[in-house]
Structure formats: C-alpha cells, structure tokens
Amino acid sequence: MGRVNHLIATRMASEHAPRIPEITRHLVEAGGKRLRPILTLAAARLCGYEGEHHVLLAATVEFIHTATLLHDDVVDESAQRRGRPTANLLWDNKSSVLVGDFLFSRSFQLMVEADSLRVLAILADASAVIAEGEVMQLATANDLSTGEDAYLRMIHGKTAALFAAASEVGGVIAEAEESRIEALRAYGQALGMAFQIVDDLLDYGGSSAALGKNVGDDFREGKVTLPVLLAAAAAPDDAARDFWVRVIERREQGEDDLPHALELMRASGALAETEARARAYAEEARAALAPFPASPLREALADVVDFVVSRLN
C-alpha cells in the first residue's frame, strides 16, 4: 500500500493545472479505508502473483473510486466527506466534476500500462456500471414505489461493482484458474453489497466518524435506501404511511422527523432486518474464499469482511 500511495501521489500531479493535485490531495490525504486497492493487492498475492502490475491496478481502482466520490458530492450537495469539508464546498462544483473527470482519465492510462485487455475490459465495464448505478439512484430518489430488486441493482452498480472488479483483476493479473478468479469476483461482489447496506444503515444509527459523512444525510436527501423501503412497507397505519410520503417523496421535513423515522424503523424491525441482510452478504463473501487454502492472505481478506460488519457495533 505504501507503493500504491506513492504511485497515486505521483500520478495525480499536473504540471499545468495545480488545482488537480490540490483537490485530489485534499480527498486522498483525508484517509479513507483504501479497501478497494487492498482487495486488488491481496487477491493478486493470494493467487501467487510476483510481478508489479498489481500496484498499478490498485492505484487505478483507487482513482476510479476517488473520481466517483468527487462526482457524488456534487450530485448530493454534500458538505462533509471523510470528516472534512467536501471539495465542492471548499472549491466549487465545476472544479470537483472536472478533477473527477481527470482522475477517471488517469485511471484508464494506468489500466493500459498493466498490458492486459481482460483487465481493461473488467475495469472499463465496472466504470460504466458505476455511472449507471448513480443514475439509477437519481431515478429512484424520493420514490417509495422503488422495489427491493431495483434497490439491490442500484447498490450493485454504485458500490459492489467496483469491489468485485478490484478483487477479480487481482486474480486475472496473476493468471489464476478461472474458478479462483470467479471466486474472487463473488467475494468482492458480496463484500460490496454488505458494505453499502451497512452504510445505508449507519445513516440511521451510526456516527459521523464511522460513516465518513453527516449522519442523516440520506434521510434529508430523501434517498430510498433499504431501511426506508422496509419501514415504509411495514407501516402499521395511514399515519405512518403518510409520514414516509411526506418526508421522503415530498421532502417536507422538520427537526423531529429523523428521530420519528428511527422510532418507526425500530418498531417495524426495519433496522434489524437491514442488519441481517448486511451480515448475510458478509457471510456470502467469507464463503467465497473457500477455494483458497488457509493462509495469512486469505485470513486478511476474511478480516476485511469482519471490518465491514464491525462498523455496526
């Protein structure tokens, strides 16, 4: 990861546009969990890779992720990311969007250097799916008729697709057996689903430190996440149904509405069910590692699963 971070710092430089490294550094140096590049590095080594291209690909994955964060904060009008003011707040929306575009472009330059058409196809496809997921989120915002299937497709796109690709390319670059490459993809996919569902749950019961943004942001934006879908579907009476329509679809919210939403979620079992879904995906991710013999690297990937669900505690 030290080499990945060095490569990121080198490749985010721009001789002619100093605002690019300024904005990128603001987000990258804020920390973050670096889960996605860790998956690429560990997956490659788990499959016996001894070359250098896994470092390139890990940096690529982090650039794609960072680009999406810059764009997301503009779309969501967010004020906080990783405990810091967002780039769009400190600079402006135009700068955030354009620097995000730069990072996407830089990520494709890094992909090409890995000299693998299959890797290029996997990460290019993931980039397209991520954008599709974000558009799906816009389309389902403030719409309580959104079904759980649509929600799951959306979080696959916006989050799980990059987890899956990050894990898969590690196996591909190592020229692992197809069964192991598929196992790594399945691991990343399930891990990403668990990660996003945990994030959606933390918005209604976590801390800003654990979430990396302000608690309640999803609620205030009227996002239709799993806790909302489950609670609205289980509304016990007209008053509860009218409440969800008012705060989510019409976004007419007062100071007491978030606490009331939490009460309804707890009473309906929506929070407990959301947590159960996240833990089920976590178990699916852990099970996907079964084809690999016991080793410190397999244990490390299992530890990532534990970390994702530990944020619920």
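## About the model

This is a predicted model, in which local features need pLDDT of at least 70 and side-chain atom pairs count only at pLDDT 80 or more, while totals for chains, interfaces and linings use all residues. Residues are numbered from 1 along each chain as its sequence is written, and side-chain values use heavy atoms, with hydrogens and water left out.

## Cavities

A cavity is found on a 1 Å grid over the protein atoms alone, as a set of points where a 1.4 Å probe fits but cannot get out, and its lining residues have an atom within 4 Å of a point. Grid points are joined across faces, edges and corners, and a volume is the space filled by probe spheres set on the points. By this rule there are two cavities of 30 Å³ or more. The largest cavity has a volume of about 40 Å³, and its lining is made of Gln 137, Thr 140, Ala 141, Met 154, Lys 223, Val 224 and Thr 225. Sorted by class, this lining of the largest cavity has three nonpolar, three polar and one charged residues, where Ala, Val, Leu, Ile, Met, Phe, Trp, Tyr, Cys and Pro count as nonpolar, Asp, Glu, Lys and Arg as charged, and the others, Gly among them, as polar.

The second largest cavity is lined by Ala 231, Ala 234, Ala 235, Pro 236, Ala 240, Trp 244, Leu 264 and Ser 268. The elements that give two or more residues to this lining are helix H13 (238-249) and helix H14 (257-268), where helices are DSSP runs (H or I, at least four residues) numbered from the N terminus. The lining of the second largest cavity divides into seven nonpolar, one polar and no charged residues.

## Helix H6 and Glu 113

Helix H6 covers residues 93-113, and Glu 113 has its place in this helix. At 1.5 Å a residue, the 21 residues of H6 should span 30 Å, and the end C-alpha atoms of H6 are 31 Å apart, which agrees; the expected span is 1.5 Å times one less than the number of residues. The buried residues of H6 include Val 99, Phe 102, Phe 104 and Arg 106, where buried means under 20% relative accessible area, exposed over 50%, and partly exposed in between, with a 1.4 Å probe and protein chains only.

Glu 113 is partly exposed, because its relative accessible area is 36%. Leaving aside residues up to four places away in sequence, Glu 113 touches Arg 11, His 53 and Leu 56, a contact meaning heavy atoms within 4.5 Å. The side chains of Glu 113 and Arg 11 are joined by a polar contact of 2.8 Å, that is, a pair of N or O atoms within 3.5 Å, of which, within protein, one must be able to donate a hydrogen and the other to accept it, while residues adjacent in sequence count only if both atoms are side-chain atoms. Glu 113 and Leu 56 are 57 residues apart in sequence, and their C-alpha atoms are 7.6 Å apart in space.

Glu 249 is found in helix H13 and is partly exposed, with a relative accessible area of 36%. Not counting residues up to four places away in sequence, Glu 249 touches Asn 142, Asp 143, Leu 144, Ser 145 and Trp 244, and its side chain reaches the backbone nitrogen of Leu 144 at 2.9 Å. The C-alpha atoms of Glu 249 and Gly 192, which are 57 residues apart along the chain, are separated by 27 Å.

Asn 142 lies in the loop between helix H7 (117-140) and helix H8 (148-173), and its relative accessible area of 24% makes Asn 142 partly exposed.

## Positive phi angles

Most residues other than glycine have a negative phi. Asn 142, although not a glycine, has a positive phi of about 65°.

Thr 274 is in helix H15 (residues 270-288) and is buried, with a relative accessible area of 0%. Its contacts, not counting residues up to four places away in sequence, are Ile 197, Leu 201, Leu 226, Pro 227 and Leu 230.

Thr 68, in helix H4 (residues 53-76), counts as buried at 10% relative accessibility. With the residues up to four places away in sequence again left out, Thr 68 touches Phe 104 and Ile 130.

Definitions and conventions
1 Å grid on protein atoms, 1.4 Å probe; cavity = no way out; pocket = protein on both sides within 12 Å on 5 of 7 lines; lining within 4 Å.
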